[in-house]
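Visitor: I have a structure open and some questions about its local geometry. Can we go through them one by one?

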Amino acid sequence: MGCSKMVQAWITRFDQPVSLSQAQDGPLAGLVFAAKDNIDVAGVPTTAACPAFAYVPAEHATVVQRLLAAGAACLGKTNLDQFACGLNGTRSPYGAVPNAFDARYVSGGSSSGSAYAVATGQVDFALGTDTAGSGRVPAGLNNIVGLKPSKGLISTHGVVPAAQSVDCVSIFARTVGMAVRVLRCASAYDPRDPYSRKLQLAAQPWRGSFRFGVPSVTEFFGDAVAESEFGLAISRLRELGGTPVAIDYTPLAQAAGLLYDSALVAERYAAVRSFFDAHEDEVIEPVRSILASGKAYSAADFCQAQVRLQALARQAAAMWDSIDVLLVPTAPTHYTIAQMQADPVALNRNLGAYTNFVNLLDYAALSVPSSMRPDGLPFGITLIGQCGSDLQLAELGQRYHHATGLLQGATGVPLPQQETIEGLRSPASVRVAVVGAHLSGMPLNKQLTERGATLVGAAQTAPDYRFFALPGTVPPKPGLVRVAAGSGSRIALELWDMPLEHYGSFVSLVPAPLGIGTLALADGRTVQGFLCEALAAQGALDISHHGGWRTYMASLAVAEPLITP
């Protein structure tokens, strides 16, 4: 197997991707991925970003084997914070991995190289690991998706442990749909992993009204821009039908603090104990000091820390009585590489303000892009749910991501159509055609999204309709009137699927002279949609020649300066 060495994002990049010839028809066929270099690929050194630690595995990690069997090909091994100890991407002898949008800034870690490879379009998806946020922080800082599954869902056999009882293999992708496809292929019970388990994932999506928790006190470490972007994220989740609920963040923050400020850090040391005791001087700072601190605790100290964690878990569990999902910033701010290297411990800790507790409390999490800041850096949010909520998070996260209108990673490529989240039950729904103020981005669109309706796509009516701008309507609305076959125009519209349980409340909002009836589409289908009483269209401006409401409204925006004194 030929391979070439590269610095920064890649530790080893293969001349030819590793694949299985018998898997060419698998569900991931044609896709290329990268593996963080604490995950075994047979015959290739696993370094964990520590050259002296390197070994050559005889077999693939379980997760790599499953992805290859599904048809994907592995392009190489990516850089990381040494021994997966860090959240910033600068703690590696192979070099600091830069942010995909501004090389002066950190990429986030420890799965820094994997995130960068995905954000820049070098691979379709990548594997990371997540103990304290390493599968989420790099996603949030690079405008990509970071799926942190429920613990035990993906095997960690063949993965260098960081803190084995809370480790997860994570997935980076540019879309939620891709991440879920990978998750379904990667997930399986594995008796060789002592923490693997058979999980029944929740199959009912949170559509319509749902309740999302928001920390009652938030910390952005002086970053007013990030704080403002989080406020916009709350508003967007409202538009998707959510109701914010303030939750007490105290037990979550205290649980997070135990990861490094209690005897729980001893598990970090135990993970590499034999190597560390013999080669401590081969480990870079501040990783060396963090691992060494684990030696100072007794078994009794560790037991006490576990009891404290259980007590905090009980306190935190109360929040699920009032919320379905928790919303937090993925990372509270951005730091430059220079800032991080000047103050590596405190600033790294800041990046984990909203991530460290998740695995300790056995939650699932999904980081999705939220916005681009005015300074050109990405801002991401994380949706957190109870163990087994992975598919529910994916369904909501995909709707949220597509509502942002962002591009994929740093590639400049628009988001594709939303994908069906396989494994979720699709509630009975009604397909509704909208032609005016309910179009996406228009003033009344929230009446659809707050009821859990999802955009199917664009279409046109049959050429049997006239289209009118109704006078005196607020917000401005059009009227669609059916005429004799072939004597009208094709009018642009959007098709939305609305859960049947919310359809009645939607129809009740439609004011006269508008109503819901049966529309004929250009392709011969019929759907429910907005129609107008013919009497109301008499004397109204016929705008059929514009072909749709967006075009008509755009024409008003162009014409307005012409009539301004």
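This is a predicted model: local features need pLDDT of at least 70, side-chain atom pairs count only at pLDDT 80 or more; totals for chains, interfaces and linings use all residues.

Visitor: Which ones are buried in α2?

Guide: S112, G113, S114, A115, A117, V118 and A119.

Visitor: And what do the buried residues of α2 pack against?

Guide: They pack against the strands β2 (10-18), β3 (32-36), β4 (73-78), β5 (125-130) and β7 (168-173), and also against helix α3 (137-141). After α2 comes G121, which has a positive phi near 80 degrees.

Visitor: Next, α1 and α4. At what angle do their axes cross?

Guide: Roughly 110 degrees, and the axes come within 8 Å. Angles of 65 to 115 degrees count as roughly perpendicular, and α1 and α4 are therefore roughly perpendicular to each other. Here α1 is residues 62-69 and α4 is residues 176-186.

Visitor: Which residues meet there?

Guide: From α1, V63, R66 and L67; from α4, V182, C185 and A186.

Visitor: Switching to rings. How many aromatic pairs are there?

Guide: The structure holds 16 aromatic pairs. One of them is W320 with Y363: the ring centres are 5.4 Å apart and the planes stand at 80 degrees, so this pair is edge-to-face.

Visitor: Where do W320 and Y363 lie?

Guide: W320 is in the loop between α10 (299-317) and β10 (325-329), while Y363 is in strand β11 (residues 363-372). The pair therefore ties together parts that are 43 residues apart in sequence.

Visitor: Are W320 and Y363 buried or exposed?

Guide: W320 and Y363 are both buried. What about a second pair, for contrast in geometry? W549 and Y552 have ring centres 5.4 Å apart and planes at 40 degrees, so that pair is tilted.

Visitor: Why is the W549 and Y552 pair called tilted?

Guide: Because planes under 30 degrees apart count as stacked and those over 60 as edge-to-face, with the rest tilted; the W549 and Y552 planes are at 40 degrees. These two residues are 3 apart in helix α18 (residues 549-559), so about one helical turn separates them. Both W549 and Y552 are buried.

Visitor: Which residues form the aromatic cluster with W320?

Guide: F220, F230, Y249, Y354, F357 and Y363 are in one cluster with W320.

Visitor: What lies over the face of Y189?

Guide: K198 does, at 5.1 Å from the ring centre.

Visitor: Now the backbone. Which peptide bond has omega near 0 degrees?

Guide: The bond from G109 to S110, which is cis. S110 sits in the loop between β4 and α2. A cis peptide bond also joins V474 and P475, with omega about -10 degrees. P475 is in the loop between β17 (465-470) and β18.

Visitor: What is the phi of F83?

Guide: Positive, about 55 degrees, although F83 is not a glycine. F83 lies in the loop between β4 and α2, and at 6% relative accessibility F83 counts as buried. N143 has a positive phi as well, about 65 degrees, and is not a glycine. Its place is the loop between α3 and β6 (145-148), and N143 counts as buried at 3% relative accessibility.

Visitor: Where is S489?

Guide: In the loop between β18 (477-482) and β19 (492-499).

Visitor: Why does S489 count as buried?

Guide: Because its relative accessible area is 19%, and buried means under 20%.

Visitor: Which side chain does the side chain of S489 make a polar contact with?

Guide: That of R466, at 3.5 Å. Leaving aside neighbours within four places in sequence, the contacts of S489 include T461, A462, P463 and S544.

Visitor: Last one: R451. Which side chain does it make a polar contact with?

Guide: The side chain of R451 contacts that of E450 at 2.9 Å. A polar atom of the R451 side chain also lies 3.0 Å from the backbone oxygen of Q447. R451 is in the loop between α15 (446-449) and β16 (454-460), and counts as buried at 12% relative accessibility.

Definitions and conventions:
Residues are numbered from 1 along each chain as its sequence is written. Side-chain values use heavy atoms; hydrogens and water are left out. Helices (H or I, at least four residues) and strands (E, at least two) are DSSP runs, numbered from the N terminus. Buried means under 20% relative accessible area, exposed over 50%, partly exposed in between (1.4 Å probe, protein chains only). A polar contact is a pair of N or O atoms within 3.5 Å; within protein, one must be able to donate a hydrogen and the other to accept it, and residues adjacent in sequence count only if both atoms are side-chain atoms. Contact means heavy atoms within 4.5 Å. Rings of Phe, Tyr and Trp (its six-membered ring) pair if their centres lie within 6.5 Å; planes under 30 degrees apart count as stacked, over 60 as edge-to-face and the rest as tilted. A charge sits over a ring if NZ of Lys or CZ of Arg is within 6 Å of the ring centre and within 35 degrees of the ring normal. Axes are lines fitted to C-alpha atoms, for helices over the stretch in contact, and angles run from 0 to 180 degrees between N-to-C directions. Angles under 35 degrees count as roughly parallel, over 145 as roughly antiparallel, 65 to 115 as roughly perpendicular and the rest as oblique.
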